[in-house]
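Please examine the sequence and the structure shown below.

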Amino acid sequence: MRKYFMIKLLLTLLGATLTIAIQAQSVLEEIRQNITLASSNYMAYPGPKQKKLTPAPKGMKPFYISHYGRHGSRYHSKPSLYDAPYLVLHHADSLGKLTPLGKEVMMQLERVCKDAENHWGDLTPLGEFQQEQIAKRMVERFPEVFRGRANVEARSTGVSRCVLSMEHALIQLTRMNPQLNISMEATHRDMSFLNQQDKKLFLMKKNTASTDLYNQYLKRYKVSDRLTYSFFNDSAYVHQYVDVTDFDMSLMLVAAILPNMELGKQIDLFHLFTPEEAYEIWKIGNVYWYIGWGASAIHNGLQPYTQRNLLRKLINDADSCIQQPNTNVQLRFGHETVLLPLVCLLDMNGYGIQLDNLDLLEEKGWVNYRIFPMASNVQFVFYRKNPNDRDVLFKVLLNENEATLPLPSEQAPYYKWSDFKNYYLKKLDAYQE
């Protein structure tokens, strides 16, 4: 029996490895098929790819859901992220240095800047809709958890886009079952786990070694003459006044945020880039997020431990709810700077990989847009046969798709809660602050 189990486990791991390798090889092709993937963390939530979930083991029914979600689609958080490419084009225009396309894009950027004014970081209508749809699918997929007067506890950071994301999710749940016993909070008391700030680890990712590593990779950015000279008509002017790398990336930031805004229905800036140009910019962003929030070797794999309080909270809350006879849902709303390191700390889908060679990120399947688009979320769904059953199973969903964990299982994607607790509490206890 043990031999059979080991063979099955090895085949499962091999299959997962092959899947990751195939995905990693297709990043450029995926961007060719959908250029908005180059948006990285600004990509609008795509919804689940997995339409049909793996049936639960016989006799097991869902009774508890534990969730952490990023706010929905939003505006950029500060005006400079909109203004930067516009100001470059505006200055060039004052000197007669723009092509007709450059003038057209400048006027489009001016519209975008005006539309975004005083909306810095605000949730957009699309962001509201995303949260409602995620909540709707949660009920449709796991109706047993939301029946009758089930308890729903929701918590959010105090940032308005997170509070509103929480409210829209709860509005949708109420539409589907007005009897739900709902409570919600947005208080500084919860910030230690909803948005933990670790000064020591923060300073580590800002140190000279980290900055130098990123800047060295940035120097490898392949400047596109085609892109540059589609906007400017004077190469000498560009050479003297335009930081082409900064301009390309600032323009991509506006292109990336537009699909999250209502104005994005009228203006598209992605068509300005070829898929290959967008891919080059995406690679820089992928490295940036991996160094700062992933398990990069430059930080000895420690950055994900910024979310150690959240993981302990998830474990403690789950243990408490498992003891109760009724069904419960715990929703938590925050930010991508929490969700990404949490996913890496869990080593979900292999995203906790520790690399010192940044060129291996894609090959190993570390692809940021698969982890944390707008409204990205992690859902732990717990199963048991009855309230007295202590042999609890669970599965974890990343962006509503079944995900893997570095735990043995004969019933994957279902895992034993006791195995999870033992593994991750040891991991957390081993961390030296």
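How much space lies in the second largest pocket? The second largest pocket holds about 960 Å³ of space. This is a predicted model, in which local features need pLDDT of at least 70 and side-chain atom pairs count only at pLDDT 80 or more, while totals for chains, interfaces and linings use all residues. Residues are numbered from 1 along each chain as its sequence is written, and side-chain values use heavy atoms, with hydrogens and water left out.

**The second largest pocket**

- A pocket is an open set of points, on a 1 Å grid over the protein atoms alone, with protein on both sides within 12 Å along at least five of seven lines; lining residues have an atom within 4 Å of a point. Grid points are joined across faces, edges and corners, and the volume is the space filled by probe spheres set on the points.
- The second largest pocket is lined by 34 residues, of which Tyr 42, Leu 81, Leu 253, Tyr 288 and Trp 289 are the closest to its centre.
- Two or more lining residues come from each of helix H3 (80-94), helix H9 (208-218), helix H12 (244-257), helix H13 (275-293) and helix H15 (336-346). Helices (H or I, at least four residues) and strands (E, at least two) are DSSP runs, numbered from the N terminus.
- The lining of this pocket comprises 17 nonpolar, twelve polar and five charged residues. Here Ala, Val, Leu, Ile, Met, Phe, Trp, Tyr, Cys and Pro count as nonpolar, Asp, Glu, Lys and Arg as charged, and the others, Gly among them, as polar.

**Salt bridges**

- The model has 25 salt bridges, a salt bridge being a side-chain nitrogen of Lys or Arg within 4 Å of a carboxyl oxygen of Asp or Glu.
- One of them joins Glu 132 and Arg 175, whose closest N and O atoms are 3.8 Å apart. Glu 132 belongs to helix H5 (residues 125-141) and Arg 175 to helix H6 (residues 160-176), so this pair ties together parts that are 43 residues apart in sequence.
- Glu 132 is buried at 13% relative accessible area, whereas Arg 175 is exposed at 51%. Buried means under 20% relative accessible area, exposed over 50%, and partly exposed in between (1.4 Å probe, protein chains only).
- Glu 140 and Lys 136 form a salt bridge at 2.5 Å, N to O; both lie in helix H5, four residues apart, about one turn of the helix. Glu 140 is partly exposed at 47%, and Lys 136 is partly exposed at 29%.
- Arg 155 and Asp 190 meet in a salt bridge at 2.7 Å, N to O, and both residues are buried. Salt bridges that share partners join Glu 153, Arg 155, Glu 185 and Asp 190 into one network.

**Backbone angles**

- Most residues other than glycine have a negative phi, and most peptide bonds are trans.
- Ser 40, which is not a glycine, has a positive phi of about 55°. Ser 40 lies in the loop between helix H2 (27-33) and strand E1 (61-70) and is buried, with a relative accessible area of 5%.
- Glu 400 also has a positive phi, near 70°. Glu 400 is in the loop between strand E6 (393-398) and E7 and is buried at 1% relative accessibility.
- Ala 412 and Pro 413 are joined by a cis peptide bond, with omega about 10°. Pro 413 is in the loop between strand E7 (401-402) and strand E8 (415-416).

Key. On a 1 Å grid over the protein atoms alone, a cavity is a set of points where a 1.4 Å probe fits but cannot get out, and a pocket is an open set with protein on both sides within 12 Å along at least five of seven lines; lining residues have an atom within 4 Å of a point.
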